[in-house]
Amino acid sequence: MDRFFKLTENGTSVKQELLAGFTTFLAMAYILFVNPDILGAAGMDVGAVFVATALAAMTGSIIMGLVANYPIALAPGMGLNAFFAFSAVIGMGLSWQAALLAVFFSGVIFLGITVFKIREKIIDAIPEELKYAAGAGIGLFIAFIGFKNAEIIVSDPATFVALGDLSAPGPLLAVFGIVVTIIFVVLGFKGAVFYGLAITAIVGVITGFTTLTGVVSAPPSIAPTFLQAFQVDWQNEVFTVQMVGVVLTLLFVVFFDTAGTLFAVATQAGFVKNNRLPRAGRALFADASATTIGSLLGTSTTTAYVESTSGVAVGGRTGLTAIFTGLLFVVALFFSPLLSIITGHVTAPALIIVGVMMATSLRFIDWNKMEIAIPVFFTVITMPLTYSIATGIALGFVLYPITMLVKGRGKELHPLMYLLFVVFIVYLGFLHQ
C-alpha cells in the first residue's frame, strides 16, 4: 500500500489518510440528502436516487484514488443536479430518463476528448469571464431554488415573487437552518453545510415539523433508476435541439467546474508545479468515468468536490483519502430512513449557502469594461429569472462576441467562440418550438 499510494513519499500514513477521508466525507455528506430532494422534483424515485448518489460517489472517489492517486472525492455535483431537474426536465420538458441519457452522452464525450487531449484546447478558447459568470449564475439559481423550497420566497400575482410567511413552521425552520449554517461557515468548520443540515433536521424532529421513522435499514432498491437512461423515446426525445442543448450545457459546466476544483484542491495540497497539474489526464479520466457510471446508476453528473480541500487541510495527500471517502458513502447507504426528515425546508440552507460560495467568483470580473460586464450580467441574472442554467449560458455566449466586436476586440476571440455563437442562437431560436 505504501508503494502503490506513495504514502511515505508524500509524508502521510494510513491513519492520516483515514482521518482526511472521514473529514472530506463529513464536508460533502449533505449531497446524500440534497440530491434526492432535487432530483425528486423531476419525478425520480427518491430512495433510488439516494442509493445512486452514494454508489456514484463511492465509484468516482475510488476510481480517482486508484487511477490518479489524488485526495479528491467525487459525487453528483450541485448546480448540475439543479440543471438536470429544473432546466432539462421541468423547463425543457425532457423525461428524466432522457436527461440521464444526456448525462451519459456528456460523460462519453468527456471521456473521448480527455483521452485525445482536446479538453485543454476547448477550455483555452472560452473567455475566463464566461467561466466565472457561469459558476456565479448557477450559484444564484441554486440559492433561488433554496429560497423557493423553503417558502421564504413565494409567487405573487402582482410582483411575481414576494416574501413568504416567515412565522409559518416550514419557513421558520429554514431560517433557523440558514442562521446555524452561516455561523458554522463563518467560524470555518470543515463540514459546515452538513452540520447545518443535520442540526436543522434534528430541530425539525424535536418541534414536530417532521417525523423520524427510523435511522438504520437496508438500502432502498435502485431498480427505479438503474439503466433507465436507455428507456427513452429515441425519435422524439433524443434527436432534438433540446437534447443537444442539454448535452452542450453539461459539457460546458463540467469542463470548468472540474478544472477549477482539481486545481483548487491540488494547489492546497502542493501538487501544482509551474502552473501544471501532474497526472491531470488521469484525474479528468476518473471524473468522466464517474459521470458515465453515475448516469447508468440513475443520478445527475458526478464530478470532483471542492470540499475535498477539507481533507487536504487535515493531512490527506494521496488517493487513499479518496478511497476512504468512497467507502464511507457505502456505509451511508444504510441510513436511508433519515430521508424522511430531510424536507425541502431542511435542505434549503445547504442550497443557499452553496449558492453564496459559488457566487464569489464574481470578484474576478472587471465590471468597468462594459463589453465584459454586459454578457456576464445577462448570464448571471437570467439563470434564476428564467429558471434555466442553459438559457443563461446561451445568452452569455451570444452577447459576448457581439459586445467584443462592437468594442473592436473581435480578433481577441478564438474562432470556436463564433461557432458557439451560431450554435447558441439556433438553440435559443428552437428552444420553445
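Leaving aside neighbours within four places in sequence, which residues is Glu 129 in contact with? I found Ile 365, Ile 372, Val 376 and Tyr 400 (contact: heavy atoms within 4.5 Å).

I noted the ground rules. The model is predicted, with local features needing pLDDT of at least 70, side-chain atom pairs pLDDT 80 or more, and totals for chains, interfaces and linings using all residues. Numbering runs from 1 along each chain as its sequence is written, and side-chain values use heavy atoms, without hydrogens and water.

I placed Glu 129 in helix H8, residues 128–149 (helices are DSSP runs of H or I, at least four residues, numbered from the N terminus). Glu 129 is buried but has no salt bridge. Its nearest side chain of opposite charge is Arg 409, 5.9 Å away (Lys and Arg count as positive, Asp and Glu as negative; His and chain ends are not counted). Buried means under 20% relative accessible area, exposed over 50%, partly exposed in between, with a 1.4 Å probe and protein chains only.

I then searched the whole structure for salt bridges and got three (a side-chain nitrogen of Lys or Arg within 4 Å of a carboxyl oxygen of Asp or Glu). Arg 409 pairs with Glu 371 at 2.7 Å, N to O. That pair links distant parts of the chain, 38 residues apart. Arg 409 also meets Glu 412 at 2.9 Å. Shared partners join Glu 371, Arg 409 and Glu 412 into one network. Arg 409 is buried at 19%, Glu 371 is buried at 9%, and Glu 412 is exposed at 52%.

I logged Asp 366 with Lys 369 at 3.9 Å as well.

Methods:
Helices (H or I, at least four residues) and strands (E, at least two) are DSSP runs, numbered from the N terminus.
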